[in-house]
Amino acid sequence: MLGAVACLVLVLIAGMVIFVFAKAWPSFAHNGLSWFTSGADVDLQLEDILNSPANPSEYVYKLNAWPLLWGTFVVTAGAVAIGIVFSLFAAIFIVEFAPPRLNHVLEPVVRLLAAVPSVIYGLIGILVIVPWVGEHLISLERKESVIQVVQLDGACIMVGIAVLTVMITPIMIAIVVDALRAVPRSWMEGAAALGANRWRVMWTVAVRTARPAVIAAAVLATARALGEAIMLSMVAGSASFAPNPIDGITFLFEPTRPLASALVENVEGISVVPFGQTLYAFAAILLISSVFLSLAGYVAKQPLRKYGVRP
Amino acid sequence: MTSTAAGQTPAGGPGGASPPIDSPSSWPLVDRAGYYAAWVAGLALIAIAGSILVYMAVKGAQYFDLGLLTESPTADLDQSKAGGFKDPLIGTALLTVMAVAIAAPLGVAIAVWLTEYGRPAGLARAVESGIEVVAGTPSIVLAIFGLLVFQNQLLAPFSFEAEGDAVFGRSFIAAACMMSLIALPLVVGATREALNAIPGHVREASYALGKTKAATIRRVLLPAVRPGIGTGTALGMGRVAGDTAIVIVLLGGTLQITRGSDDVFGLFRGTGSTLTSYVYLNSPAGEGQAPEKAYFAAFVLLLVVVALNFAVTRIARGRKEAAWTR
């Protein structure tokens with residue numbers, strides 16, 4: 001009986017994948033591989049789809065979603081890359097170097113950062129950080145240099161990456177700390193006895209043993225970052241624009257709109273059939289990548305079981 | 001996930017308390033750089049969390065207005081007349097309780113099955129990874145999938161039918177069902193951890209007294225893991241209270257709580273809003289354009305979430321008192 005309940009989870013996942021893909025299929029089928037390429041302005045294309053005629057044979061599906069995909073990739077990769085370094089050092093600090101009194105503060109701090117709702121991060125981002133970046137970090141010349149292409153008002157991938165990093169580090173810290181704590185004490189004592197200092201012991205023995213956890217942390221944090229919709233739609237500019245790395249530093253100040261944000265912002269139109277199918281196509285991409293990432297994280301965590309850690 | 005720094009080991013380094021000769025100033029430059037980087041990272045964490053708390057507290061105090069808590073929101077161009085957020089507050093409470101009411105029994109059942117039965121092993125591993133997948137699925141995808149499910153004609157009783165035969169598919173029930181999937185992995189995780197912490201001899205003692213496995217689970221194990229279940233539930237409530245995407249998609253987007261029908265279930269079939277959607281809609285990103293109200297609502301939301309996290313700490317402390325399970 002309990003087993004049947006447990007199997008519900010698998011049924012649910014299977015149902016989710018099948019239904020979402022079935023619903024999304026027309027959008028993929030009409031566009032083929034060009035769905036994933038860049039083309040005309042995505043916002044205009046979405047508008048055309050939304051306003052397509054009611055006759056099923058005249059539905060408009062044309063969409064080149066590359067700017068959304070690229071935005072998702074840039075923001076996620078940026079946040080995870082910064083976050084993994086930051087959280088590795090923070091975890092080492094918590095496990096090894098923090099004075100006990102500081103550790104009593106750090107535990108609730110990590111918990112708090114994990115618990116703050118994304119809409120609050122978004123609110124602080126849009127009301128504090130975005131205006132500040134817009135006024136102080138982006139010079140007028142920089143704004144004018146790209147005025148024909150895109151408007152820079154402070155809501156940009158840099159702010160998105162920064163806030164997203166803060167949001168995903170608690171997850172990574174939690175996983176890495178658990179793994180570092182589980183490294184057998186005797187290994188570290190052995191290294192210390194051979195004359196390695198405390199940092200060397202942590203870096204060469206503990207961190208290396210906990211490598212699977214670092215990978216698992218990065219993978220799971222990527223899954224979380226991919227799905228972050230609300231906060232990014234608030235601070236990342238929400239313009240379907242593919243920031244161009246050739247622009248140098250200006251690149252960091254260009255707005256973008258990840259897939260998940262595009263989904264949440266356009267959800268009112270979901271009852272229009274072709275538009276809904278396009279939205280389900282976004283959801284399908286997100287779903288399949290998060291499923292793969294979660295499974296990869298699960299597999300990456302397995303070697304940890306050796307040391308008795310159950311993350 | 002948030003069990004981060006629990007079980008603090010006493011006193012630092014791998015040479016016992018504090019090796020007197022090993023001070024960072026004598027280390028090679030690279031090692032010292034790493035050491036200071038670790039300090040910087042740790043202090044940065046505290047600084048970020050501190051500034052978020054202080055900032056929200058200051059803004060909350062600045063726009064403090066108890067009247068907002070008891071007024072229903074109304075649509076009005078003039079923000080001073082647009083009311084407060086009584087309905088979103090009730091919506092948050094209602095949705096959180098409903099979601100946890102669904103997630104807790106399911107989560108406990110799954111956790112018990114995984115730890116106490118877990119056979120066939122392949123299926124158990126599949127379910128285990130399935131839980132991870134559910135935990136990793138973006139809430140916006142869950143939301144949009146929920147819309148697909150609840151717009152089905154068969155599930156029309158759970159929301160209400162619009163004109164024509166279309167099912168609206170948005171209601172407290174629909175949102176709570178999908179929200180429960182957010183809380184589920186946390187309940188499963190915490191309960192499993194608690195079950196694993198119970199040593200085998202407790203189970204054996206129960207069997208030796210002639211109890212069946214089912215009776216052991218019900219009379220011995222479940223009472224012992226109650227703090228674990230509590231921890232998972234409180235964590236889940238915090239996550240549910242803080243989620244926005246599902247609310248925006250599945251709760252219908254009416255500011256006031258609107259009953260779906262006049263009978264007892266009308267409330268659950270109805271639509272409404274929560275604090276998170278209220279903050280989102282009143283921020284510059286939404287249409288509301290009332291940052292003061294968004295700030296105060298966000299402050300209240302933060303208080304709710306922090307309170308739930310305190311509950312987790314308290315429950316976890318209570319767990320240590322159940323000494324007979326060691």
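Trainee: Where is Glu265(A) found?

Mentor: Glu265(A) sits in helix H12 of chain A, residues 259-265. Helices here are DSSP runs of H or I with at least four residues, strands are E runs of at least two, and both are numbered from the N terminus. Before we go on, this is a predicted model, where local features need pLDDT of at least 70, side-chain atom pairs count only at pLDDT 80 or more, and totals for chains, interfaces and linings use all residues. Residues are numbered from 1 along each chain as its sequence is written, while chains are lettered from A and ligands numbered from 1 in the order in which they are written.

Trainee: OK. Why does Glu265(A) count as partly exposed?

Mentor: Because Glu265(A) has 18 C-beta neighbours inside 10 Å. A residue is buried with 20 or more other C-beta atoms within 10 Å of its own, exposed with 12 or fewer, and partly exposed in between, with C-beta atoms placed from the backbone.

Trainee: And what is Glu265(A) in contact with, leaving aside neighbours within four places in sequence?

Mentor: Ser233(A) and Ser238(A). Contact means that the C-beta atoms, placed from the backbone, lie within 7 Å. Glu265(A) and Ser233(A) are 32 residues apart in sequence, and their C-alpha atoms are 7.6 Å apart in space.

Trainee: Next one, then. Which helix holds Gly134(A)?

Mentor: H5 of chain A, residues 118-137. Gly134(A) has 17 C-beta neighbours inside 10 Å, so Gly134(A) counts as partly exposed. Outside four places in sequence, Gly134(A) is in contact with Asp153(A) and Gly154(A). The C-alpha atom of Gly134(A) is also 7.5 Å from that of Leu152(A), 18 residues apart along the chain.

Trainee: Let's zoom out. How many helices and strands does chain A have?

Mentor: 13 helices and 0 strands. Chain A's C-alpha trace spans about 75 × 65 × 30 Å along its principal axes. Of its 311 residues, 55% count as buried. Among chain A contacts between residues at least 6 apart in sequence, 80% join residues at least 24 apart.

Trainee: And what does the secondary structure of chain B come to?

Mentor: Also 13 helices and 0 strands. Of the 326 residues in chain B, 47% count as buried. For contacts in chain B between residues at least 6 apart, 69% join residues at least 24 apart.

Trainee: Back inside chain A. At what angle do H7 and H10 of chain A pack?

Mentor: H7 (residues 157-182) and H10 (residues 211-226) pack at about 150°, with axes 9 Å apart. Axes are lines fitted to C-alpha atoms, for helices over the stretch in contact, and angles run from 0 to 180 degrees between N-to-C directions. That makes H7(A) roughly antiparallel to H10(A). The cut-offs are under 35 degrees for roughly parallel, over 145 for roughly antiparallel, 65 to 115 for roughly perpendicular, and oblique for the rest.

Trainee: What classes of residue make that contact?

Mentor: The contact of H7(A) with H10(A) has 15 nonpolar, no polar and 1 charged residues. Nonpolar covers Ala, Val, Leu, Ile, Met, Phe, Trp, Tyr, Cys and Pro, charged covers Asp, Glu, Lys and Arg, and the others, Gly among them, are polar. Ile168(A) and Ile171(A) are among the H7(A) residues involved, and those of H10(A) include Leu220(A) and Arg224(A).

Trainee: Now between chains. How many residues of chain A are in contact with chain B?

Mentor: 83 residues of chain A, touching 75 residues of chain B. Chain A's side has 64 nonpolar, 10 polar and 9 charged residues.

Trainee: How do H3(A) and H1(B) cross?

Mentor: At roughly 95°, with the axes of H3(A), residues 66-97, and H1(B) coming within 8 Å. H3(A) and H1(B) are therefore roughly perpendicular to each other. Phe89(A) and Phe93(A) are among the H3(A) residues that take part, and Tyr35(B) and Trp39(B) are among those of H1(B). This contact divides into 13 nonpolar, 1 polar and no charged residues.

Trainee: Which residues of H1(B) are buried?

Mentor: They include Tyr35(B), Ala38(B), Leu45(B), Met56(B) and Lys59(B).

Trainee: Last one. Where does Pro120(B) lie?

Mentor: In the loop between H3 (86-117) and H4 (121-136) of chain B. The peptide bond from Arg119(B) to Pro120(B) is cis, with omega near 0°.

How values were computed. Contact = placed C-beta atoms within 7 Å.
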